[in-house]
Amino acid sequence: MKDHFYICPGHLKDRGFCTPIVDEVEAAAKKRKEDLDREIELVKAEYAEKLKKQAKSKEKKKKEKSNTPAKDKGKADSKDDDSDDDEKLEKEKNDK
């Protein structure tokens, strides 16, 4: 069954009859909320991307640090070797 509205000829000629009531304040608030939601989504996406980059850089640093101590140990050993060489030279000088 279809709804039926009787409309007199006077109302049919009236351009303002049966037009939706638009609350400008409500429409503006709705538009502003949609804009804010889009902005929030963009910021969230940027932040997530930034976190991924930070995580990658931290992983790189950890890998470098894990590789660096081995290099440092080699440097420390070479320093010890240098000090041993110095001690040997001093002993030789003292012996003469």
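Start by selecting Asp37, which is partly exposed at 36% relative accessibility. For this label, buried means under 20% relative accessible area, exposed means over 50%, and partly exposed is in between, with a 1.4 Å probe and protein chains only. You're looking at a predicted model, where local features need pLDDT of at least 70 and side-chain atom pairs count only at pLDDT 80 or more, while totals for chains, interfaces and linings use all residues. Numbering starts from 1 along each chain as its sequence is written, and side-chain values use heavy atoms, leaving out hydrogens and water.

Now zoom out for a second. The chain contains 2 helices and 0 strands; these are DSSP runs numbered from the N terminus, helices being H or I with at least four residues and strands E with at least two. Of the 96 residues in the chain, 0% are buried.

The rule here is a side-chain nitrogen of Lys or Arg within 4 Å of a carboxyl oxygen of Asp or Glu, and it gives a count of 3 salt bridges. Why do Lys33 and Asp37 sit about one helical turn apart? Because they are 4 residues apart in helix H2, which covers residues 24–95. Lys33 is exposed, at 51%.

Next, pick Asp35 and Arg38. Their side chains meet in a salt bridge at 3.0 Å, N to O. This pair is 3 residues apart in helix H2, again about one helical turn. Asp35 is partly exposed, at 33%.

Then jump to Glu49 and Lys53, whose salt bridge is 3.8 Å, N to O. They lie 4 residues apart in helix H2, about one turn. Lys53 is exposed at 54%, whereas Glu49 is partly exposed at 46%.

Last stop: select Asp84, Asp85, Asp86, Glu87 and Glu90, which form a negative surface patch. Patch members have over 30% relative accessible area and no salt bridge, with like charges joined within 9 Å. Asp and Glu count as negative, Lys and Arg as positive, and His and the chain ends are not counted. Each charge is placed at CG of Asp, CD of Glu, NZ of Lys or CZ of Arg. Click on Asp85: it lies in helix H2 and is partly exposed, at 40%.

Terms used:
Patch = residues over 30% accessible without salt bridge, like charges linked within 9 Å, V, L, I, M, F, W, Y side chains within 5 Å. Areas by Shrake-Rupley, 256 points an atom, 1.4 Å probe, with all protein chains shown as cover.
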